[in-house]
Amino acid sequence: MSPAKAPEAARAWQRMLSGRRLDLLDPSPLDIEIGDIAHGLARVARWNGQTEGDNAYSVAQHSLLVEDVFGRIVAGATADWLQAALLHDAPEYVIGDMISPFKATLGDDYKSVEKRLQRAIHLRFTLPPDITVTLKKAIKRADRIAAFYEATRLAGFAESEAARFFGRPRGIAPETVDMTPQPAKKAQAAFLKRFAEIEKLRGRGSVG
């Protein structure tokens, strides 16, 4: 009797449109392309798609908003900091945008995959693999300001409810925030444009 065949290992990589194959468990910076990130984020819906408008409000748009808010609330923000803010949700081009309650149920497994991806993305674009606690807190503050406006203007939250979860935004007037949900290709192009602008400020020119 021939020995039983060993079960085939589950596939742990995803093929990107660039042709790269990204290993989710051991991601290599060499398999990360900004075009893949922009394409994916522009097609991942925030709030599980439960937002107003004819188009989904994408993670690409959210990322642009967070970077814009971050630049306005952090005096003397460097180009590296701006790029870290723009890429703060970049792992979601692979793992999607899960709402906070679901992330909490998954616990450390989700966080460890997300952290490995974030480190690989930072290394790909010559950012520190782990940002400082101070920078992380500043990006989180910008993220919560963005979330408050998204929640109240797109996702049906009352202001009092959004304030309980995200705090009331300070320093950013609501009339200065445009959150009209955009078609995926437009959001993708805007994300790539802003990424390239920041790379020039960093003195790095275009990155593939």
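This is a predicted model: local features need pLDDT of at least 70, side-chain atom pairs count only at pLDDT 80 or more; totals for chains, interfaces and linings use all residues.
The buried residues of α9 are Ala187, Gln188, Phe191, Phe195, Ile198 and Glu199. They lie on the same side of α9, because they cover an arc of only 110 degrees around its axis. The face of α9 turned away from this buried side carries the exposed residues Lys185, Lys186, Lys193, Lys200 and Leu201.

Helix α9 consists of 18 residues, 184-201. At 1.5 Å a residue it should span 26 Å, and its end C-alpha atoms are 26 Å apart, so the two values agree. After α9 comes Gly203, which has a positive phi, near 80 degrees.

The relative accessibility of Gln83 is 0%, so Gln83 counts as buried.

Leaving aside residues up to four places away in sequence, Gln83 touches Leu127, Phe195, Ile198, Glu199 and Arg202.

Two packed helices are described by the angle between their axes and the distance between the axes. For helix α7 (residues 133-153) and helix α8 (residues 159-166), the axes come within 9 Å and cross at roughly 155 degrees. Angles over 145 degrees count as roughly antiparallel, so α7 is roughly antiparallel to α8. The crossing of these two helices, α7 and α8, is right-handed.

On the α7 side, the contact is made by Arg144, Ala147, Phe148, Ala151 and Thr152. On the α8 side, Glu159, Ala162, Ala163, Phe165 and Phe166 take part.

Most residues other than glycine have a negative phi. Trp47, which is not a glycine, has a positive phi of about 55 degrees. Asn48, also a residue other than glycine, has a positive phi near 55 degrees.

Trp47 lies in the loop between α1 and α2, and Asn48 is placed in the loop between α1 and α2 as well. With a relative accessibility of 15%, Trp47 counts as buried, since buried means under 20%. Asn48 has a relative accessible area of 47% and is partly exposed.

Notes
Residues are numbered from 1 along each chain as its sequence is written. Side-chain values use heavy atoms; hydrogens and water are left out. Helices (H or I, at least four residues) and strands (E, at least two) are DSSP runs, numbered from the N terminus. The expected span of a helix is 1.5 Å times one less than its number of residues. Buried means under 20% relative accessible area, exposed over 50%, partly exposed in between (1.4 Å probe, protein chains only). The arc is that of the directions from the helix axis to the C-beta atoms. Contact means heavy atoms within 4.5 Å. Axes are lines fitted to C-alpha atoms, for helices over the stretch in contact, and angles run from 0 to 180 degrees between N-to-C directions. Angles under 35 degrees count as roughly parallel, over 145 as roughly antiparallel, 65 to 115 as roughly perpendicular and the rest as oblique. A crossing is left-handed if the near helix is turned anticlockwise from the far one by less than a right angle, and right-handed if clockwise.
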